[in-house]
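This report goes through one protein chain element by element. Please keep the sequence and the 3D view open while reading.

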Amino acid sequence: MKTTSKHFVAQGWKVKDVGDKESFDLLLTQGERRLHVEVKGTTSAGRQVILTRTEVEKQRMYYPDNALVVVHSIDLDRTQEEPAASGGVLHCTSPWEVEDEHLTVISYAYRTRVDSPHPAEAVRNSTLVPSVVPQQQPAREEPQVTDGERSPQ
């Protein structure tokens, strides 16, 4: 966040950290212009970042007055009680159009029958252990490659 704030201040923006109140991290103003910035920091090369559903929905609403800033290749010193970050390379995309083809689903929320109105009936009508348990598939030796980038394992 500090690296990103310094970057935009140097470009003449006023920077306000709104991450504890909003679904994005920084609100930038420059005269009448407003920019809604999502900041992601990573020790990786930054080819992929995790976005919440709300972050995606809000950034689509803010487009074209938005930005994604990825600070990648951060050095993280974990030898002390409080980890310390240093370094990193800042990459800014603005305006940031969140396109479906660049999103990958990595989890789902599944509604169970735990709160069903008739719990006893739900237990009677379900099997605790299925009669046939699907076999686990062995892990692939090579990662799947799509469009020249490695997909998450």
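The sections below cover the overall fold, the helices, the strands, an aromatic pair, backbone features and a pocket.

## Overall layout

The model is predicted. Its protein chain has three helices and seven strands. Read from the N terminus, the order of the elements is α-β-β-β-α-β-β-α-β-β. The chain counts 153 residues, and 22% of them are buried.

Helix α1 spans residues 2–10. Its buried residues are T4, S5 and F8. Around the axis they cover an arc of only 100°, so they sit on the same side of α1. The other side of α1 has K2, K6 and A10, which are exposed.

Helix α2 covers residues 53–62. Here the buried residues are E55, V56, Q59 and Y62. Viewed down the axis of α2, these buried residues fall within an arc of 130° and therefore line one face of the helix. R53 and M61 are exposed and lie on the face of α2 turned away from the buried side.

Strands β1 (14–17) and β2 (26–30) pair in the antiparallel sense, with four bridges. One of the bridges can be located by its residues: K14 has T29 in β2 as its partner. Strand β2 also runs antiparallel to β3, to which it is joined by five bridges. In that pairing, Q30 stands opposite R33 of β3. β2 and β3 form a hairpin with two residues between them, and G31 in the turn has a positive phi of about 65°.

In which sense do β3 and β4 pair, parallel or antiparallel? The pairing of β3 with β4 is parallel and has six bridges. E38 has L68 in β4 as its bridge partner. Strands β4 and β5 run antiparallel and are joined by nine bridges, with V70 opposite H91 of β5. The hairpin from β4 to β5 passes through six residues.

## The aromatic pair

The structure holds one aromatic pair. F24 and Y62 form this pair in an edge-to-face arrangement, 5.3 Å centre to centre and with 75° between the planes. F24 belongs to the loop between β1 and β2, while Y62 belongs to helix α2, so the pair ties together parts that are 38 residues apart in sequence.

Are the two partners, F24 and Y62, buried or exposed? Both F24 and Y62 are buried. Y62 is also one of the residues listed above for the buried side of α2.

## Backbone features

Most peptide bonds are trans, and most residues other than glycine have a negative phi. Where does this model depart from that pattern? P64 lies in the loop between α2 and β4. Another cis peptide bond joins S94 and P95, with omega about -5°. P95 is in the loop between β5 and α3 (119–124).

S73 is a residue other than glycine with a positive phi, near 60°. S73 belongs to strand β4. Its relative accessibility is 34%, and S73 therefore counts as partly exposed, since that class lies between the limits of 20% for buried and 50% for exposed.

## The second largest pocket

Rolling a probe the size of a water molecule over the atoms shows where empty space is left. The second largest pocket has a volume of about 290 Å³. Which residues line the second largest pocket? The lining consists of M1, K2, T3, V39, K40, G41, V71, I74, A85, S86 and G87. The elements that give two or more residues to this lining are α1 (2–10), β3 (33–41), β4 (66–77) and β5 (84–93).

By residue type, the lining of the second largest pocket divides into five nonpolar, four polar and two charged residues. K2, named in this lining, is also among the exposed residues of α1.

Methods:
Residues are numbered from 1 along each chain as its sequence is written. This is a predicted model: local features need pLDDT of at least 70, side-chain atom pairs count only at pLDDT 80 or more; totals for chains, interfaces and linings use all residues. Side-chain values use heavy atoms; hydrogens and water are left out. On a 1 Å grid over the protein atoms alone, a cavity is a set of points where a 1.4 Å probe fits but cannot get out, and a pocket is an open set with protein on both sides within 12 Å along at least five of seven lines; lining residues have an atom within 4 Å of a point. Grid points are joined across faces, edges and corners, and a volume is the space filled by probe spheres set on the points. Ala, Val, Leu, Ile, Met, Phe, Trp, Tyr, Cys and Pro count as nonpolar, Asp, Glu, Lys and Arg as charged, and the others, Gly among them, as polar. Rings of Phe, Tyr and Trp (its six-membered ring) pair if their centres lie within 6.5 Å; planes under 30 degrees apart count as stacked, over 60 as edge-to-face and the rest as tilted. Buried means under 20% relative accessible area, exposed over 50%, partly exposed in between (1.4 Å probe, protein chains only). Two strands pair if DSSP finds at least two bridges between them. The arc is that of the directions from the helix axis to the C-beta atoms.
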